[in-house]
Amino acid sequence: MTTAAITPALTRKDFTSDQTVRWCPGCGDYSVLAQAQKTMPELGRKREEFVFISGIGCSSRFPYYMNTYGFHTIHGRGTTIATGVKLANPDLSVWVVTGDGDAMSIGGNHLIHLLRRNLDINIMLFNNRIYGLTKGQYSPTSEKGKITKSTPFGSVDHPFNPPAVALGAAATFIARTIDVDGKHLQDMITASYHHRGTSFLEIYQNCLIFNDGAFADVTEKATRDDQKLILEHGQPMLFGKHRQKGIHLDGHQPHVVEIGDQYAVGDILVHDKTDRMMALILSEFTYRPDLPTPLGIIYQVDLESYEQQVHAQMKQAVEKLGTGDINALLRAGHTWTVN
Amino acid sequence: MSELKKGSKKALEQIEQVTIRFAGDSGDGMQLTGSQFSETTAIFGNDLATLPDYPAEIRAPAGSLAGVSSFQLQFSSKDILTPGDQPDVLVAMNPAALKVHLSDLRSGGTIVVNQANFNKKNLALAGWEQNPLDDASLDDYTLISIDMTRLVENALKELNLSGKVMARSTNMFALGLLYWMYDRPLESTQQFLAAKFKKRPEIVEANLRALETGYHFGETTELLPAHYMVPKASLPPGTYRNIMGNQALALGLVTAGQKSGLRIVYAGYPITPASDILHAMSTYKNFDVLTFQAEDEIAAVTAAIGASFAGALAITGTSGPGMALKAEAIGLAITTELPLVIICVQRGGPSTGLPTKTEQADLFQVMYGRNGEAPLVVLAAASPSDCFDMAYEACRIATKFMVPVILLTDGYLGNGSEPWRLPDLDKLRPMENHFATASGDTFNSFEIEPSTLARPWAIPGTPGLEHRIGGLEKDAVTGNVNYDPINHEAMTHRRQRKVDIVAGDIAPTEVYGDETGDLLVLGWGSTYGAIRSAVDRLRAQGYAVSQMHLRHLNPFPRNLGDVLVRFPRILIPEINMGQLVRIIRAEFLVDAKGLNKVQGKPFTGHEIEQHIRQILTDKKDG
Ligand code: SF4
């Protein structure tokens, strides 16, 4: 060991900017910000290597509050700006902060293409199932029939199911967490960071002004134990106050069973995060009142990232052709000389 | 003047310049034929200019008028700037090609046709009631009607090829014949064919034989009593190559990357006629050029903005429809004061318009087509080889001044070609940038450097410069979000000044001809060659006409206003309804007049010349 200056460990404070946070008091965004600021120092990266990029929406204010590099871009395009940042400099740790409107409506096209390309970018999708910043219109994840300012008679469109969309777009990491569960949030942020390729982390976030209680069944004391299914790779899908309930598969159909005379723990579905079919079944739990809400890593596989392949091709070109000689390039093809 | 060519029994006559148009069905390989003739002619040492013209449909119905594809070139022993006004020779591979192009041919010109294709079906498809080869309709021209199909089939007989392969080789017969007619060597095309079809030797053989058969046919046929020779042009000393605008543009970008030492990130989405730039850039990987084919135009420009934020030389390229989609993002680049180069290879609009035809109608769009007060630097290339210089210039200005720059070219420049004198790279103006490192003081991400009004380029990964930028209005120093009314006004003025200051960094434009006179022709973009040839002809006839051509459209060169007031008449020819003319009138309060054409085709020098003569004659009469 050398005695050279040891960089002092970073703390939450190092990741807190001097800007006043301007979300509504009690907004779920505060908790996510706090957990992110707590988690970043744990990741062992230099602060200057972090870049937080957002689109437009309440959550997209996030980069202003992180004392890292940050870019508050335009509606729906945080994903593509992040793509450019990561392509230009793959050594950076790039994070996209987005919402259900930003990522799944105006930026839907970019989201699916980022996921299929699998750049090593971490997406934090704050899903509050409403447009907050524009003061309360229904969003692409609002449940059908939602009464809002723009849908006084109830919305008639079917909502998107974010994990199913991500799965359909060939995402390699799909996880879900919730604003109020600090520890779980931190774990999921850490897991996103360590995943190679695009991580899609859906964060259920309460908008207390325009959609309060959207996730109350998962957060309220009275119901949460029966509504929250914490996924752990290799573990049976048990939940309930005494872990007395579980998910049983009947063909492809999941349903809730009680452990007892009829079903033993051995009958309960064991989570395999690498199983795409299981991920599809788990994503179908969304909007189903008879099934609990899965939280945790729904799906994860390891594939080479897009930028690794792009830069490998550039490296190969240099190995094969040598470092480019611009004078030779200009003279490529037929040239002739006039004296 | 005539002499006997060695080994040839026929007279070889010397002429100064020729315009040839190759026309045929889209499947007849006319683009390849024309570009081969151009390449050979360039290497031979003539000056030349080309105009490819092809349908938007990949395969319009065979034999139809809509499916006609053509390639025109003018070559000369003198300096020339346009692909020629009226062709001297029309090669028409089928009746549709003859129908579409006959009216352009100069009277007394030569028509070369493949007689075999003038059958009932093709004649009907092209709307000929009678076969024009048989009646008097072509009497004003020299008609060379040859059954190319049969001659090629005979020549390829023992190769056992399908009828389709043989038919595909007919264009090489036509090329060989034209090579004989204009005394060009076959070597360059022979080498090209051998390389292009390397994996299919039978195709190489078929094409070579067809080419040589065409050449020898010229020598032996009684249809052609003589052939012609266009001596080498006396071009300024240097090393030359023949170059298309899109190629030159890509090379200009790579050169800027190399001179700046920056990684290039080029993000694009396929669009006619700009895709060739993306194609070219994707082959320069060993020059630290990263290309990204995005999912759409918005993704392309925003990925480029991200790359710029991260410290790359970021570029995106498109055409008019793509520019419309990129507008909001370009505003973001303006307000975040990031260097970015946006290339717009214009085509006929609005909407999908005429994808393969040329137009200059995106000037207003790039100047004004964004929300808010969002000025930026606009440049325009004047010729295919000028695309190199202006691409380099766009990158230079973007990084020196920390601003987005739009470079306008068009389909005619992008696909047209001309001989290009290779630049001395040491003489190019230096590339500068504003990379920042921590100094220990508080870092202000929007504090400007007074001589360029550039803010620091503080790229992620630099310790101590962590900062946030965004599309919301920013404080003029700290870069933090700021909604203060006075700050907004100051920032709005600052964004304008960032454009204006560039005028001090560009050369004044020169007047071609006299500094004063009866009329100034002011142009921008691809009208350069046509204007110059018109002005040259008029000046030779004693008219007091001068030319000024703008390559910097925003800001204008500082001397522009002074020049404009020295001429009582200002004419602005544009391939649009009059866009620069309105800007000039508004900006300088001068009575500039437009000359406008929106046919998806460039001006001919003749059209501009006629118009000016008319104006100046009316003046005399009046
Ligand atoms: S509107 Fe809703 S989402 Fe937006 S800051 Fe307020 S509580 Fe949060």
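Which residues are around the ligand? I listed A:Trp23, A:Cys24, A:Cys27, A:Asp29, A:Cys58, A:Asn128, A:Gly132, A:Cys207, A:Leu208, A:Ile209 and A:Phe210. A residue counts as near a molecule if its C-beta atom, placed from the backbone, lies within 6 Å of it. I sorted this shell by class and got eight nonpolar, two polar and one charged. Ala, Val, Leu, Ile, Met, Phe, Trp, Tyr, Cys and Pro count as nonpolar, Asp, Glu, Lys and Arg as charged, and the others, Gly among them, as polar.

Notes on the model. This is a predicted model, in which local features need pLDDT of at least 70, side-chain atom pairs count only at pLDDT 80 or more, and totals for chains, interfaces and linings use all residues. Residues are numbered from 1 along each chain as its sequence is written, while chains are lettered from A and ligands numbered from 1 in the order in which they are written.

Chain contact. I found 55 residues of chain B and 52 residues of chain A in the contact (C-beta atoms, placed from the backbone, within 7 Å). On the chain B side, α11(B) gives the largest share, nine residues. Other elements that give two or more residues there include α1 (30-44), α9 (245-260) and α12 (320-335) of chain B. Helices (H or I, at least four residues) and strands (E, at least two) are DSSP runs, numbered from the N terminus. By class, the chain B side has 30 nonpolar, 16 polar and nine charged residues.

I saw β2 (residues 69-72) of chain A pair with β18(B) in the parallel sense over three bridges; pairing needs at least two DSSP bridges. A:Gly70 stands opposite B:Arg468 of β18(B).

Sheet in chain A. I traced an open, antiparallel sheet of three strands in the order β8-β9-β10. Its edge strands are β8 (238-239) and β10 (253-258), each pairing on one side only. Two bridges join β8(A) to β9 (residues 245-250) of chain A, and A:Phe239 has A:Lys245 as its bridge partner.

Helix pair in chain B. I checked α7 (residues 187-196) and α8 (residues 201-220) of chain B: their axes come within 9 Å and cross at roughly 165 degrees. The two helices are therefore roughly antiparallel (over 145 degrees). B:Thr189, B:Gln190, B:Leu193 and B:Ala194 of α7(B) meet B:Val204, B:Asn207, B:Leu208 and B:Leu211 of α8(B). These contact residues divide into five nonpolar, three polar and no charged.

Definitions and conventions
Axes fitted to C-alpha atoms, helices over the stretch in contact; angles between N-to-C directions. Parallel < 35°, antiparallel > 145°, perpendicular 65-115°, else oblique. Contact = placed C-beta atoms within 7 Å.
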